[in-house]
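Here is a short briefing for a first look at this protein. Keep the sequence and the 3D view open while you read.

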Amino acid sequence: MARNSDNDMCKEERKRESFFKVLQRVDISSENMRALPYDFVRSFSNNELSRKMKIKARWGSSWEVEICKNPRFYFMEKSGWEKFVSDNALGASEFLTFTHKGNMRFTVNIFMQDGKEMLQPPQSMSFMASSRPPKREQGIPSLATTIAAESNGGGNYKRKLNFEKKKAEESHNSKRTDKVFSVQRESAGASSSSVAEFSMFIKKSYLIYMWFPKSVQSIHMPKQRTIFKIHHPNMKKSWNVVYVVSGTKSSFSAGWKGLAQEYPLAVGDTCKFSFIKQHELILFVSKP
């Protein structure tokens, strides 16, 4: 009985429409890369194609992507596609299969360049998806402590707690500011052994992918694909950029082109990257 059930499931899977993509760095965000195959799309109604495409990975994460159309074909909307690519640190010739489950819901299977299937999210996503509440700063009283003080009529004690809370918050903000400015001083040429940094000269090709020399790769960068958060010096803008490793080469891939356009970067610029956390950088740019 179990064998018949398995056979039925296999037959049902074969009936489901699917398509594949091989993600090449050079055109990972192009319309051709985001295109849906013509023979695949023509089996859908206009009503179905007006819905969002929901993509679900093996480990449960999902992404919603709008479907757009030009005169020649339907394709996945750029921002949703790039979010999917960035979250999964893709861009190194991975083989992806998309299987339609009905109502524009798709499961995606991701196979790495070595043929192994990705069964869990990239390690670098763990810190982005962390649901642990932030730690309470030492010296800041809990709400329960404040309520207890009020209920006991301790007006003086309450004022003391508020003063300690304000003092602790000011100390926290001061430390954060000092941390940012210490990196900025480093970019201006001040010496400090506590800040790791490296510089890169922008060539034309580096406006699409930032390739790292072996000296930078071996000293500063991780051994596996990672999502870096890169900040503008004013700390008002940041970008998530995928760092990929392919053999002896490594580069900033998905997300880097958008950073280069929005910062903006130009040929001849000198980029200085300063670490503020293990996978978090501030980017300072010097114009020629």
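Predicted model: local features only at pLDDT ≥ 70, side-chain atom pairs only at ≥ 80, totals over all residues.

The protein has 10 helices and 14 strands. Its two largest pockets both lie between domain 1 (9-118) and domain 2 (197-286).

**Overall build**

- The protein has 288 residues, and 39% of them are buried.
- Take the contacts between residues at least 6 apart in sequence: 57% of these join residues at least 24 apart.

**The largest pocket**

- This pocket holds about 520 Å³ of space.
- Its lining consists of 28 residues. Ser29, Glu82, Ala254, Gly255 and Gly258 lie nearest the centre.
- The most comes from α5, which gives 7 residues.
- By type, the lining has 9 nonpolar, 10 polar and 9 charged residues.
- Why does the largest pocket lie between domain 1 and domain 2? Both domains give residues to its lining, so the pocket lies between them.

**The second largest pocket**

- About 440 Å³ of space lies here.
- The lining is made of 16 residues. Nearest the centre are Met112, Met118, Pro122, Gln224 and Arg225.
- These lining residues split into 7 nonpolar, 5 polar and 4 charged.
- Domain 1 (9-118) and domain 2 (197-286) both contribute to this lining too, so the second largest pocket also lies between them.

**Backbone details**

- Most residues other than glycine have a negative phi, and most peptide bonds are trans. The next points describe exceptions.
- The peptide bond that joins Tyr263 and Pro264 is cis, with omega about -10°. Pro264 sits in the loop between α10 and β13 (270-277).
- Ser93 is not a glycine, yet its phi is positive, at about 65°. Ser93 is found in the loop between α5 and β6 (94-102).
- Met104 also has a positive phi, near 60°. Its place is the loop between β6 and β7 (105-111).
- Is Met104 buried or exposed? Its relative accessibility is 2%, so Met104 counts as buried.
- Ser93 has a relative accessibility of 25%, so Ser93 counts as partly exposed.

Technical notes. Residues numbered from 1 in each chain as written. Heavy atoms only, no water. Helix = DSSP H or I, 4+ residues; strand = E, 2+ residues; numbered from the N terminus. Buried < 20%, exposed > 50% of the residue type's maximum accessible area, 1.4 Å probe, protein only. Contact = heavy atoms within 4.5 Å. 1 Å grid on protein atoms, 1.4 Å probe; cavity = no way out; pocket = protein on both sides within 12 Å on 5 of 7 lines; lining within 4 Å. Points joined across faces, edges and corners; volume = space filled by probe spheres on them. Nonpolar A, V, L, I, M, F, W, Y, C, P; charged D, E, K, R; others polar. Domains from an automatic or database assignment.
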